[in-house]
Structure formats: C-alpha cells, structure tokens
Amino acid sequence: MKALEVKDIVKQFPGVLANDSINLSVNKGEIYAIVGENGAGKSTLMKIIYGLYTPTSGEIFVFDKKVDIKTPHDAIGLKIGMVHQEFMLIPRFTVTQNIVLGDEPSKGIVFDYKKALSEVKELSKKFGLKVDPAEKVANLPVGIQQRVEILKILRRGAEILIFDEPTAVLTPEETEDLFKTLMKLKENGKTIIFISHKLKEVIAIADRIAVLRRGKLQGIVEKGKTSEVELARMVVGRDVVLKIPKAETKVRETVVSVRDLTVKSKRGIIGLKEVSFDVCAGEIVGIAGVEGNGQAELVNALIGFTRPVKGTIAFDSKELRVITPFNIRKKGMAYIPKDRKMRGLVLPFRSRENIIMGQHTLYPFSKNGVLNNIEIDKFTTKKLEEFDVRPRDIHTRARNLSGGNQQKLILAKEMSMEHKFLLASQPTRGLDIGAMEFVYHKLIEEKERGMAILLISLELSEILGLSDRILVLYNGEIVGETTPDKTNEEELGLMMLGLKKKKRVTK
Amino acid sequence: MKDVFKRFFFGKREKYWWMNVLVPLVSILLAFIVGAIFIKITGRSPVVAYKLLFGASGLFPGPYWKSHFSEMLLSSSMYIATGLGFAIAAKGGLFNIGAEGHFIVGGITAAYLGYAKPFAGLPKFIHLPLIIVGVILAGGIWGAIAGYLKAKRGIHEVITTIMLNWIALYLIEAWLVIGPMKAAVETGISGTPYISLSAKLPKILPPTRLNISIIIILAVTFLIWYLFYKTTFGYEIRTMGHTLIFGMEAPKAAGINVERKTIQTMFIAGAVAALGGAFMVLGVLFQYPPIFEGGYGFDGIAVALIGQNEPLGVVLAGILIGALRTGATTVQLAHIPKTFPSIIEGFAVGFIALQMLIRYWLMKLVRGRKKSVQTEMGGGAK
C-alpha cells in the first residue's frame with residue numbers, strides 16, 4: 001500500500017523552478033529519504049505536502065486517495081505530521097503541556113492536566129519514546145526536545161512523519177537515539193520521510209533514497225545498493241572529494257588572544273567561564289562542543305555584542321578595552337555568523353547591496369559618501385562568479401536565495417573584506433556536501449593566505465578535518481585541548497558531553 | 001542618455017513592480033468609495049459632495065482655480081515636510097511621532113529669527129537662508145534628542161517623541177509666546193511680533209499667496225531621495241530599517257554604527273519636519289500666534305503611510321491631502337461638515353494598513369487573468 005504519492009509536482013517561484021515535475025511514491029511502513037543540495041527543492045516539496053505551499057501543478061495522493069492540501073491543518077487531518085528543523089515548542093511549558101497544546105483534554109472548560117499527563121505517559125510507553133512528562137522543555141537537551149516534537153505529532157494521529165533535517169542539531173549520540181526511535185516507529189507501521197544531506201546517515205537508516213538536484217528527481221536508489229561516493233555524485237552531479245584537504249602552513253604571530261574571558265548569556269547567567277586561548281596567523285583553531293555550551297557567548301563577546309564580565313581580548317597583542325562591532329571590524333575581523341538570516345544578511349536587499357555591507361564606505365564602492373553603483377555591480381558580478389552564488393543575477397533579493405547560496409553570499413562578503421582574523425561560527429550549518437566542500441576549500445585558502453581562523457562547529461568531522469588545534473567547550477569551560485592527530489570522534493564526543501577531560505597542552 | 005537616466009532613477013525593476021504604485025492608489029480609491037457610502041447613508045448626495053470637494057481642491061481647473069491651486073500647494077508643502085519627517089525615520093526603522101513637535105519648534109524658531117533685532121535688518125538673500133539654517137538646526141536638535149535617548153538609553157522613540165511634542169507645545173504656548181517673545185502691548189498684536197519683510201518667503205504666483213515653499217520642499221524631497229538611494233548614509237539607514245525585527249543585528253555585525261545613525265536619522269527627520277513649521281510662519285501667518293492650530297505633524301504620519309515612506313510617494317500623498325483640505329470648506333455647501341475629508345484620509349490609512357490583503361487580491365486578479373489568457377491562446381504553463 002502506498003502511503004504517499006506525488007505526481008508531476010511543479011512549483012514555480014519567481015525566477016526559480018523549485019520543483020520540476022517530481023514523481024515519488026512512498027510505501028507504508030517505509031523509511032524514505034530525500035537527499036539533495038541546498039536549493040535542490042527538498043524543502044519545497046515537503047512544504048507542498050504539508051500544505052505550506054500550493055503547487056503550481058501536480059497531484060498528491062495520500063493512502064491512494066487524491067487529496068488537495070491547502071493548509072497544514074488539512075495535512076494534519078490526513079495524518080501527515082512534520083518535525084521541523086527548528087522546534088515549535090514553548091520552553092516554559094512542560095513536556096505534557098507542549099504535547100497537548102492545541103488539542104487539550106478538558107473537564108468542561110477547565111484544562112485537565114492529570115488526564116493529559118496520563119495520556120502522554122501512555123503514548124510514550126506505546127512508542128517506546130522515553131520522556132519525563134512533567135519536566136519543563138527549557139531544561140531538556142535538544143535530542144529529547146525533538147522526541148517531544150515527535151510525540152506531539154504522534155498524538156495527533158500522524159501516520160506519515162516528515163523529518164526536515166532532524167540530525168542537524170544533534171550530537172552523534174543523540175543521532176543514534178533518533179535512529180533507534182525511527183526504527184521503533186517503523187515497527188509500529190508508521191511511514192517516515194527523512195530529509196537530509198548527510199549521506200552517511202541516509203545510507204544507514206533509509207529503505208529507499210530519492211535524490212533531487214536543481215528541482216529535478218535524479219533517481220531513486222534502494223538500501224544497500226549504493227555507496228556514499230556514488231550517492232554524492234548523484235547529489236552534486238559530479239565527483240566529490242569528501243575528504244577535507246590538509247594544508248601545512250607555518251604558524252606565525254598571535255593575532256587574537258583571549259584571557260580569562262567570562263561572559264553572561266542572554267538569560268543573564270554566566271555562559272562562558274574564564275576561557276583563555278590564542279589564535280595565530282596561519283592556523284585554524286577549532287572549537288568543538290554541543291550547542292549551547294558557551295559558543296554563542298564567546299562569539300558575542302568577540303564581535304562586541306556583549307560586554308564580558310571579566311577578562312580581556314587582545315588583537316595584534318594590543319588589548320581592546322571596549323569592543324564594538326565597528327572597532328573590531330576596523331582592526332581586521334571578518335565574521336561568518338551561524339544565523340545567516342538574522343546576522344549575516346539584510347533579507348529584502350539585493351545581492352549587490354548585501355555584498356558590500358560593512359565595506360560600503362570604502363573606495364571604490366563609495367567616494368565622499370556617495371555610492372558608486374557601477375563599481376558595486378562590477379564587484380558583485382565578479383564575486384558571484386567566484387563564490388558560485390546561484391542565481392548569478394546581482395539583483396536577486398537575499399530572501400529569495402536558498403540557504404546554501406545565502407551562505408556563499410556571506411562568504412563572498414566577509415572574505416573579500418580586508419581582514420586578519422576570521423571568526424567562522426558554524427559556517428556549514430545546513431549546507432549540502434557541495435557547498436560544504438566549497439566552504440572547506442575557502443577556509444583552507446584563507447589559512448594559506450595567513451589568516452587566523454577560529455572555527456566553531458558542531459560537526460566533529462569538520463573540526464577534526466580542518467583544525468590545527470582543537471578546543472572543547474563544555475558548560476562554558478574549555479575542558480580539553482588537543483590536536484586532530486591525537487584524538488578521534490569518540491573521544492571528542494565524550495569530552496563534549498563532559499565525560500572526559502584532557503589536560504591542556506598549551507595555554 | 002535615456003539609459004543613464006533610467007539607471008539613475010529606477011535601477012532594476014522586478015516583475016509586478018507597479019504593484020507598489022497600484023496598491024496605494026487602490027487604497028485611496030476604496031477610501032473614497034467608503035466615504036461615498038457614508039454620505040449616502042446620511043441621506044446626502046456623494047456625487048454633489050465630491051464634485052464640490054474636487055472642484056475647490058485645486059487639482060482640477062475650474063472657477064477660482066488659481067487661488068485654490070495656490071492654497072493647495074501651500075498646505076501640501078507643509079504636509080510633505082512632516083510626511084518626510086516621518087518617512088525618513090521610518091526608513092531607518094524608527095517610528096517618529098514627533099513631527100508635530102518638530103513643526104512647532106521650526107515655527108517658533110522661524111518667528112524669532114524673523115523679527116529679532118540683529119537679523120531683522122539684514123538683506124533678504126542673507127536673512128532668509130539664515131532663518132532656514134536656524135530652523136533646520138533647531139528642529140534637528142529637537143529630533144536628535146529622541147534619537148539620543150533611543151540610541152544611548154534604549155528608550156523607545158514613540159514615548160520620547162510624544163513627550164517632546166508636549167514639552168515643545170508648553171514651552172512655546174505657555175511661556176515663549178506669552179512671555180519673552182510676546183509682542184509689545186502697544187502694537188495690539190497677540191502672539192509674537194510680525195516678522196520683517198526680509199523674512200517673508202518670496203511669492204511666485206501673484207496675486208495668490210503661493211510662495212517658494214513648494215519649490216524648497218520639492219528640492220528637499222529630491223535630496224532625501226538621493227540620500228536614501230545614492231549615498232552610504234542612506235544605505236546604512238535602509239539596512240537598519242529592513243532588519244528592525246531582528247534587532248538590527250545584521251548591520252551591527254557588519255560594523256555599522258547603529259547608534260550614531262539613529263541620532264543622525266532623527267536629526268534629519270526633525271529638521272525636515274521643522275521646515276514645515278517655517279513655511280507656516282514665513283509664508284502664511286508671518287508671526288507665531290498665541291494658539292497654533294496644529295495637526296500638520298500628525299497628518300504627516302498619514303501622508304507618509306499613504307506615500308509608502310518613499311519620497312515621491314510622500315509628495316503625491318502630500319498633494320492629495322493638501323487638496324482634500326483645501327476643498328474641505330466647500331463640502332459644507334452639500335451640508336457635510338468640513339472635517340469630512342479627514343474621514344477619507346483615515347480610511348485611506350486604514351486600507352494602506354491592509355495593504356498585504358489588497359496586494360494579495362490584486363495579485364490573484366492579475367494572475368487569474370493571465371492564466372485564462374494563456375489557455376485561450378493555447379499556451380502552456382511553461
């Protein structure tokens with residue numbers, strides 16, 4: 001029996017054909033993965049199925065019945081549920097409150113919390129998804145929060161579960177747990193659609209894999225009949241070297257040195273405790289850690305968004321008393337933010353306007369405060385080519401670019417600015433392998449040019465592959481310093497979870 | 001040449017760019033329709049009312065057209081000034097309610113510099129520019145106070161601008177006009193003394209009282225447009241306005257000094273709105289009266305909203321509101337109160353607030369039409 005079938009789905013956005021007559025059919029009780037680059041049309045297709053977009057043309061069948069899904073409400077009615085990349089949970093509510101939100105059991109007009117509690121307990125037992133129903137969501141690790149999301153949609157009777165890049169925010173251990181969960185759901189007869197661009201995972205878990213490229217279906221492969229390299233070729237359309245190139249450079253003078261840095265988090269508690277490290281010209285220092293262990297605080301202090309409670313930051317061995325984004329940029333810092341939409345780009349701006357942000361006051365982009373549009377256009381055309389931003393049109397608004405291309409635009413912007421120090425905060429977040437490979441090459445290039453690079457990442461393979469030195473952040477402290485040749489993913493994983501400490505070799 | 005011109009003024013247009021023009025027009029049209037329904041409900045004739053309203057508005061030729069036309073432009077120039085005051089701040093993500101305060105601060109400054117001794121004897125070509133510079137500084141500083149409080153102390157500009165409006169009002173009406181700036185008793189004038197001849201704005205269309213204020217404000221509008229779209233300053237203001245919902249993090253992270261820009265933006269907004277007050281004193285009243293019939297500042301918000309915060313749009317909206325106000329008195333002949341145009345103005349703003357909905361409907365209309373045309377012609381969707 002087919003759980004879901006789409007026929008000739010076409011979605012036309014202004015200037016972009018996001019889905020070009022896509023045909024897919026998903027069997028009941030199957031784990032079906034959809035892979036593809038950023039902007040390949042995976043999310044668009046899922047949003048069509050979930051009723052967030054209406055297709056330009058095409059038909060959707062759910063359990064062999066032709067349906068017309070106009071809103072997510074329709075989709076839920078058809079027993080389709082979606083676990084979004086960003087969780088839709090209310091941190092101050094308990095697990096139970098979150099799960100029943102929108103469909104609460106009640107006694108008359110009073111919310112029946114006890115009944116809700118028992119319902120959630122039963123549900124979690126039935127599917128073997130362990131949660132503490134009375135715990136506040138804010139206190140839960142990301143992996144468990146995701147479990148709450150899953151329970152939420154299961155409670156609504158979902159038979160088809162769509163996961164939009166579920167492993168992007170998880171640690172390796174949490175990913176393992178998620179896969180166990182998925183297998184359990186499969187045993188229970190649920191159908192799972194799994195969107196990802198992590199090919200290793202997809203190969204491990206999926207029964208069938210559909211590959212999308214530039215809005216078109218490239219092919220469907222069965223479990224066990226493909227390899228990572230072959231799949232990668234299908235996704236990107238050419239051979240990809242997944243290995244990260246190593247570059248030996250001479251480490252030179254110290255560019256940034258941080259001493260005893262203590263920073264408060266947005267919530268007002270100490271998020272970073274007495275952290276000290278140096279970054280030298282020509283080296284990449286990687287910071288590993290599970291999200292929320294002080295990375296945001298470190299970045300905010302370095303870029304000058306929050307004032308440290310204690311400690312100093314020195315640039316070129318000159319201590320900076322007050323750091324503002326304005327003066328640290330002048331000193332020569334480039335910054336690739338983790339949140340592209342919020343910190344990296346002005347979404348309604350065109351590529352040509354975005355790419356000069358931060359260097360717009362410099363010659364040749366402007367003279368005496370008047371912008372030189374001809375120079376800006378020339379520069380943008382050149383950079384879009386160099387950084388392979390698609391579409392090449394310099395007038396595309398950032399809002400209409402896909403995530404990967406937004407990231408490339410940011411790279412183009414930051415790397416063309418004069419700088420000595422690059423702060424890269426999760427530079428490959430949400431990128432596909434093609435774009436990732438690109439980012440890695442650019443980072444290595446930067447290193448070869450003698451830049452000091454601080455790389456903050458959740459991806460261990462990235463940290464291990466790129467860094468010359470690795471620092472591990474746990475609970476706001478550096479719990480270990482090591483080099484890639486002296487450690488491995490398991491050890492780093494344990495350190496990230498605070499289960500193992502390693503003495504710092506240097507300070 | 002034509003290409004350069006196009007490039008300079010328009011840049012690249014996207015598909016459906018005309019939607020940005022059509023939506024305000026449709027909103028205004030809807031406002032007039034609703035206005036007509038109101039008149040009809042009260043048992044009067046909308047046709048007669050609109051005929052009278054537009055006949056005396058100065059927009060269309062007719063009896064006494066010259067005088068209506070000049071009156072319209074006189075008030076329009078003030079609406080455009082306050083409208084720009086709001087629009088400039090809005091482009092930078094600031095909600096400036098202070099145009100009323102800037103307006104009267106500009107007025108009182110113009111009055112003082114117009115009659116006070118050391119200046120009053122100067123030749124016109126020195127005196128008038130001097131007054132304008134004084135007005136710009138005074139209005140600008142009044143605006144910059146709110147900008148400073150927002151940037152350095154984090155106090156929301158809506159609160160501070162409203163408070164500054166009242167401070168300005170009471171400083172002027174409860175102190176200056178009846179105190180230090182009061183005209184001598186023997187002259188028999190209430191309010192400040194009349195400004196000297198050299199301070200009056202030159203007339204351009206005698207015998208009407210139309211003066212160069214409209215030319216000044218059109219020049220200012222062009223400068224503001226240039227500032228917005230051709231300079232780094234305007235670029236920075238726009239980055240701030242577009243990222244308001246994200247706390248302006250992107251421009252901050254890019255090293256734009258958001259705090260300083262906030263103060264500067266509010267300075268310019270205040271200065272331009274203050275020009276409106278100067279036009280009032282230098283071109284219409286020739287003194288600062290004891291009680292000032294205000295409202296230009298608040299109408300400026302409506303003008304800016306209808307004009308979509310774009311300089312050209314503000315000019316057109318300012319002319320529309322000016323025309324409505326000019327024709328307002330005549331609608332009384334149709335037994336309709338002269339405040340009726342305010343109702344239309346209110347509805348126009350209301351429909352502008354619903355612009356997403358109107359845009360959506362219009363888009364549907366356009367797309368639907370296109371589809372049927374395509375199928376008629378046998379063309380595929382591709």
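Trainee: Which residue in β4(A) stands opposite A:Leu4?
Mentor: Let's start with the strands, which are DSSP runs of E with at least two residues, while helices are runs of H or I with at least four, all numbered from the N terminus. Strand β1 of chain A and strand β4 (residues 57-62) of chain A run antiparallel and are joined by five bridges; two strands count as paired if DSSP finds at least two bridges between them. Within β4(A), the residue opposite A:Leu4 is A:Val62.

Trainee: What kind of model is this?
Mentor: Residues are numbered from 1 along each chain as its sequence is written, chains are lettered from A and ligands numbered from 1 in the order written, and side-chain values use heavy atoms, leaving out hydrogens and water. Local features need pLDDT of at least 70, side-chain atom pairs count only at pLDDT 80 or more, and totals for chains, interfaces and linings use all residues, because this model is predicted.

Trainee: How many bridges pair β1 and β2 of chain A?
Mentor: Strand β1 covers residues 2-13 and β2 covers residues 16-27, and they pair in the antiparallel sense. One facing pair is A:Gln12 and A:Leu17, the latter in β2(A). The number of bridges between these strands is eight.

Trainee: Which strands of chain A stand at the edges of the six-strand sheet?
Mentor: This open sheet of chain A has mixed pairing and the order β18-β21-β22-β15-β23-β24. Each edge strand has a single partner, so one side of it is left without a neighbour in the sheet; the two edge strands are β18 (333-336) and β24 (477-482).

Trainee: What angle does helix α14 of chain A make with β18(A)?
Mentor: Strand β23 (residues 469-474) of chain A is joined to β24(A) by five bridges, running antiparallel. Helix α14 (residues 403-416) of chain A packs on the sheet, touching β18 and β21 (421-425), where contact means heavy atoms within 4.5 Å. Axes are lines fitted to C-alpha atoms, for helices over the stretch in contact, and angles run from 0 to 180 degrees between N-to-C directions. With β18(A), the direction of α14 makes about 175 degrees.

Trainee: Is B:Asn165 buried or exposed?
Mentor: B:Asn165 lies in helix α8 (residues 157-176) of chain B, and its contacts include B:Ile97 and B:Phe298. Buried means under 20% relative accessible area, exposed over 50%, and partly exposed in between, with a 1.4 Å probe and protein chains only. Its relative accessibility is 8%, so B:Asn165 counts as buried.

How values were computed: Lists of a residue's contacts leave out its neighbours within four places in sequence.
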